[in-house]
Amino acid sequence: METETTIQLLAALLFTLGLLTVIVRRNSIILLMGIEMMLNAANLSLVGFAQYLSQVNGQVQVFFIITIAAAESAIGLSILVNLYRNFNSIKTDHAATLKG
């Protein structure tokens, strides 16, 4: 199997595992980990295509995605801290009462 194909298959597997984690799990921290796994799969795919095409564009985009992922983690964790303060739990079922 070629290296490019292997990298893309690994990225697809990581994205699928992250998507299944987001769909199935109810724990908010695990949910954030699934989202991070999906973003890392997109990063791996971009770097794989950039290597295959001998261009730097994909690698530059990865830096922006990593920045967005770091901001998303910080905001998500601050929301979880406030959720725990209000409900003494971080399960997503308890967050449904915040609708309004």
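What share of the 100 residues in the protein is buried? Buried residues make up 22% of them, where buried means under 20% relative accessible area, exposed means over 50% and partly exposed lies in between (1.4 Å probe, protein chains only). Please keep in mind that this is a predicted model, in which local features need pLDDT of at least 70 and side-chain atom pairs count only at pLDDT 80 or more, while totals for chains, interfaces and linings use all residues. Residues are numbered from 1 along each chain as its sequence is written, and side-chain values use heavy atoms, with hydrogens and water left out.

## Overall form

The protein holds 4 helices and 0 strands, and its elements run α-α-α-α from the N terminus on. Helices (H or I, at least four residues) and strands (E, at least two) are DSSP runs, numbered from the N terminus.

The radius of gyration is 17 Å, whereas a compact globule of 100 residues would have one near 13 Å. That radius is taken over C-alpha atoms, and the globule rule is 2.2 Å times the number of residues to the power 0.38. Along its principal axes, the C-alpha trace spans about 50 × 25 × 20 Å.

Turning to contacts (heavy atoms within 4.5 Å), residues 24 or more positions apart account for 51% of those with a separation of 6 or more. The protein exposes about 7,100 Å², and carbon and sulfur atoms supply 68% of this area; accessible areas come from the Shrake-Rupley method with a 1.4 Å probe, and for residues only the protein chains shown count as cover.

The mean positions of the 5 positive and 5 negative charges are 21 Å apart. Here Lys and Arg count as positive and Asp and Glu as negative, while His and the chain ends are not counted; each charge is placed at NZ of Lys, CZ of Arg, CG of Asp or CD of Glu.

## Helix 2

Helix 2 covers residues 28-53, and its 26 residues should span 38 Å at 1.5 Å a residue, which agrees with the 38 Å between its end C-alpha atoms. The expected span is 1.5 Å times one less than the number of residues.

Its buried residues are S28, L32, G34, E36, M38, A41, N43, S45, G48 and A50. The cover over them includes helix 1 (3-24), helix 3 (57-87) and helix 4 (92-95). S45 belongs to this helix and counts as buried because its relative accessibility is 18%. Leaving aside neighbours within four places in sequence, S45 is in contact with Q8 and A11.

Helix 3 has 31 residues and reaches 44 Å from its first C-alpha to its last, close to the 45 Å expected at 1.5 Å a residue. G58, V62, I65, A69, G76, L80 and L83 are buried in helix 3, and these residues pack against helix 2 and helix 4.

I65 sits in helix 3 and, not counting residues up to four places away in sequence, touches L39, N43 and L46. Q59, also placed in helix 3, touches V47 and A50 on the same terms, with residues up to four places away not counted.

Most residues other than glycine have a negative phi. S54, in the loop between helix 2 and helix 3, has a positive phi near 55°.

I90 is in the loop between helix 3 and helix 4. Apart from neighbours within four places in sequence, I90 is in contact with N27, S28, I29, L80, L83 and Y84.

| Item | Value |
|---|---|
| I65 to L80, C-alpha to C-alpha | 22 Å, 15 residues apart in sequence |
| I90 to E72, C-alpha to C-alpha | 17 Å, 18 residues apart in sequence |
| I65, relative accessibility | 19%, buried |
| Q59, relative accessibility | 36%, partly exposed |
| S54, relative accessible area | 68%, exposed |
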